[in-house]
Amino acid sequence: MGLTIHYDWKTKIDQATARRMIARFRTMALKLPFDEVTEIFEQDPPDGKTAFHLYDHPFRQGDLYLPRKRADGEQELVNVPAQHALFFFVSVQGAESAPIGLASHPPVVVHREDVIERDDDGRDCGRVIGGGDPVEFPTRRRGYHSWHAFCKTQYAGNPKLGGEANFLKAHLSLIELLDQINGTGVKVRIHDDSKYAKHRDVNRLLKTVRGWDAIIANFVGSLGDALGDQSRSIVAPIKDRPDFEHLEAKGIDVLKKIAARQRRRKKDSS
């Protein structure tokens, strides 16, 4: 939970071009104010020959989850594993590390549909994940290198880490890197929870993150009250802020304003 930037791209290039391109992306990142830009890693290099640092961690990078429409009209996600992946990470203290990369994927994967149980009214009342018959799913990725990832930037705003200035460093640096990648001819799609990627207004961005901080603090605080003695088991970065209790109280006002806007919209549409 937290304000997040989601991003993805797809470009039709060969393996040699992908290696040159990922090096170019990293050069761009090194000129931006990230706290850290890692080396380039290479996962599952063809023929075992790597041009970068070999990545052999069990947690794989570069897999995709593509939507598929079933015969019953429902949609589900299909896991498409990366065949070969090139990537590095950028980070600012307090924010998640953001992976930047390019990966190739098989043109077709075998997928097992979920088995959906329905009640007499046709409503979904149970689901067996992957319990159906195997079906072939075309990925439409032949000849392409793709990437999809996300980065939660909100908690870079912890006052212990530099507050809103540090949050802006995390959020704006990543958006700038994505802009520059887009400028190379790679079509970058960004879904920014703050909507900053569209409006580019720093004041609106700060107002948004303040609202998110208050709402999440209020939620975590309310959950802790409900759990009582078990509240110590709650792990949430927002609790580490020295102004947590202030944010928790402020969250009620933010939620009231949201509710008031919703009432106005309902009144205007009626």
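With which residue does R68 form a salt bridge, and how far apart are the closest N and O atoms? In this predicted model, the partner of R68 is E113, and the closest N and O atoms of the pair are 2.8 Å apart. The two residues come from distant parts of the chain, 45 residues apart: R68 belongs to strand β5 (residues 64-69), while E113 sits in the loop between β9 (108-112) and β10 (115-118). R68 counts as buried because its relative accessibility is 13%, below the 20% limit for that class.

R68 has a further partner in E76, with a salt bridge of 3.4 Å from N to O. Both side chains of this pair belong to buried residues. Alongside these, D72 forms a salt bridge with R118, and here the closest N and O atoms are 3.7 Å apart. D72 lies in the loop between β5 and β6 (75-80) and R118 lies in strand β10, so this bridge ties together parts of the chain that are 46 residues apart in sequence.

A network of salt bridges links R68, R70, D72, E74, E76, E113 and R118. For the count as a whole, the model holds 14 salt bridges. As a general point, side chains of opposite charge can pair when their charged atoms come close.

Turning to the fold, the chain comprises five helices and 14 strands. Of its 270 residues, 44% count as buried. Contacts across the sequence are well represented: among those between residues at least 6 apart, 68% join residues at least 24 apart.

In soluble globular proteins, nonpolar side chains tend to be buried together. Here, the largest nonpolar core has 48 residues, and Y7, W9, F25 and I100 are those with the most contacts inside it. Two or more residues are given to this core by each of β1 (4-12), α1, β7 (84-91), β8 (98-104), β13 (144-152), α2, α3 (196-199) and α4. Helix α2 supplies the largest share, eight residues. A second, separate core has six residues, including L66, V78, V80 and V109.

I100 gives a residue-level picture of such contacts. Beyond its neighbours within four places in sequence, I100 is in contact with Y7, W9, I22, F25, L86, F87, F88, W147, L174, L177, L178 and I181.

Helices α1 and α2 also meet directly. The axes of α1 (residues 15-30) and α2 (residues 163-183) come within 10 Å and cross at roughly 140°, and the crossing is right-handed. On the α1 side the contact is made by F25, M28 and A29, and on the α2 side by L177, Q180 and I181. Five of the contact residues are nonpolar and one is polar, with no charged residue taking part.

N218 is classed as buried because its relative accessible area is 12%, under the 20% limit. N218 and D253 are 35 residues apart in sequence, and their C-alpha atoms are 10.0 Å apart in space.

Notes
Residues numbered from 1 in each chain as written. Predicted model: local features only at pLDDT ≥ 70, side-chain atom pairs only at ≥ 80, totals over all residues. Heavy atoms only, no water. Axes fitted to C-alpha atoms, helices over the stretch in contact; angles between N-to-C directions. Helix = DSSP H or I, 4+ residues; strand = E, 2+ residues; numbered from the N terminus. Left-handed = near helix turned anticlockwise from the far one by under 90°. Contact = heavy atoms within 4.5 Å. Nonpolar A, V, L, I, M, F, W, Y, C, P; charged D, E, K, R; others polar. Buried < 20%, exposed > 50% of the residue type's maximum accessible area, 1.4 Å probe, protein only. Core = buried A, V, L, I, M, F, W, Y, C linked by side-chain atoms within 4.5 Å. Salt bridge = Lys/Arg side-chain N within 4 Å of Asp/Glu carboxyl O.
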